[in-house]
Amino acid sequence: MDTNFSDNFLIKDKFSIKKTDTEYKGKLTKADGVQMLLQEKDKLRQLQEKLYADGSKSLLVILQAMDAAGKDSLIEHVFGGVNPQGCNVTSFKTPSSKEYSHDFLWRHYLALPQKGMIGIFNRSHYESVLVCKVHPEYNLSEKTWKSVKDFDKNFWENRYESIRNFEKHLSQNGTTVIKIFLNVSKKEQKKRLLDRINEPDKNWKFSSGDLPERALFDQYMEAYETAINETSKDYAPWYVLPADDKWFARVAAIQIIIDTLEKMDLQYPQLSEKDQQGLLDAKKQLESE
């Protein structure tokens with residue numbers, strides 16, 4: 001059974017989105033995947049507890065995807081078993097006027113996980129080279145630029161460089177960064193958007209803005225391909241997961257997260273001889289009551 005998802009979906013060389021298989025499931029069945037997820041959730045819970053106890057490192061998981069790719073449900077199913085005290089989820093929407101008055105990375109610094117924590121970014125600083133690449137006029141809200149003509153090749157190269165420097169800085173200061181792109185096909189996205197319309201309990205998920213953005217699907221894929229190629233580094237790797245089957249994307253994601261935590265060499269705190277003696281004294285006192 002092929003379950004080495006960390007290696008299978010890691011972007012190591014030149015990435016081509018047209019060559020990816022959004023329906024890939026390896027040799028797993030859905031029943032296998034559901035069972036694996038249950039087992040892995042317990043392992044993730046234990047590792048998250050160890051990360052919290054260690055207190056010297058943090059993990060940042062960045063999730064990016066097109067609309068209806070399954071980011072929200074992945075967070076729910078993958079992280080549903082961890083201690084909420086050790087995990088923070090931040091969903092980034094359109095920047096506020098206050099956020100636009102700072103540089104594009106500012107609001108993301110504020111949401112970074114502290115030592116001992118797992119931070120999850122539901123969308124992230126990558127929106128500045130994704131949605132803002134497809135809609136460059138959005139950058140004008142930063143008030144630094146005068147015209148859409150300012151968003152030339154040098155502008156985008158500087159954005160990618162800023163992102164690389166940001167993530168490298170994090171990795172050099174105790175935060176491990178992994179980035180996951182849920183790669184859903186245009187065909188599957190159509191099905192899920194129709195489900196949101198046809199099923200009353202999903203109507204609230206549908207937005208009038210979904211269809212205009214869907215019309216730009218190919219432009220978004222081009223923006224993703226460029227961003228991933230520009231920013232997948234050893235210190236902040238990208239993983240591109242087939243996401244037409246939500247259950248498979250969840251299993252792949254949790255294994256990648258577990259593998260990452262296991263490589264962080266987490267340790268439970270070691271008590272000094274004095275503290276160990278204090279425990280023995282406390283034990284004797286409690287047992288004598």
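Predicted model: local features only at pLDDT ≥ 70, side-chain atom pairs only at ≥ 80, totals over all residues.

The structure holds 1 cavity of 30 Å³ or more, where a cavity is a set of points, on a 1 Å grid over the protein atoms alone, at which a 1.4 Å probe fits but cannot get out. Residues are numbered from 1 along each chain as its sequence is written, and side-chain values use heavy atoms, with hydrogens and water left out.

Which residues line the largest cavity? Its lining consists of Ala69, Gly70, Ser73, Leu74, Ala243, Lys246, Ala249 and Arg250, lining residues being those with an atom within 4 Å of a point. Two or more of these residues come from each of helix H3 (71-79) and helix H11 (246-262), and H11 gives the most, with 3 residues. Helices (H or I, at least four residues) and strands (E, at least two) are DSSP runs, numbered from the N terminus. The lining divides into 4 nonpolar, 2 polar and 2 charged residues, if Ala, Val, Leu, Ile, Met, Phe, Trp, Tyr, Cys and Pro count as nonpolar, Asp, Glu, Lys and Arg as charged, and the others, Gly among them, as polar.

A pocket, by contrast, is an open set of points with protein on both sides within 12 Å along at least five of seven lines. About 290 Å³ of space lies in the second largest pocket, and of the 17 residues that line this pocket, the closest to its centre are Asn8, Ile11, Phe15, Thr20 and Val240. Strand E5 (residues 238-242) supplies the largest share of the lining of the second largest pocket, 3 residues, and the whole lining divides into 8 nonpolar, 4 polar and 5 charged residues.

Helix H10 (residues 217-231) has 15 residues and reaches 21 Å from its first C-alpha to its last, close to the 21 Å expected at 1.5 Å a residue, the expected span being 1.5 Å times one less than the number of residues. Its buried residues (under 20% relative accessible area with a 1.4 Å probe and protein chains only, whereas exposed means over 50% and partly exposed in between) are Phe217, Tyr220, Met221, Ala223, Tyr224, Ala227, Ile228 and Thr231. Seen down the axis of H10, these buried residues fall within an arc of 160°, so they line one face of the helix; the arc is that of the directions from the helix axis to the C-beta atoms. On the other side of H10, Asp218 and Glu222 are exposed.

Two single residues complete the tour. Lysine 205 sits in the loop between helix H8 (186-198) and helix H9 (210-214) and is partly exposed, with a relative accessible area of 37%. Not counting residues up to four places away in sequence, lysine 205 touches Arg196 and Asp210, contact meaning heavy atoms within 4.5 Å. Cysteine 87 is found in strand E2 (residues 87-91), and at 12% relative accessibility this cysteine counts as buried. Leaving aside neighbours within four places in sequence, cysteine 87 is in contact with Phe79, Val82, Met117, Ile118 and Ile120.

Notes:
Points joined across faces, edges and corners; volume = space filled by probe spheres on them.
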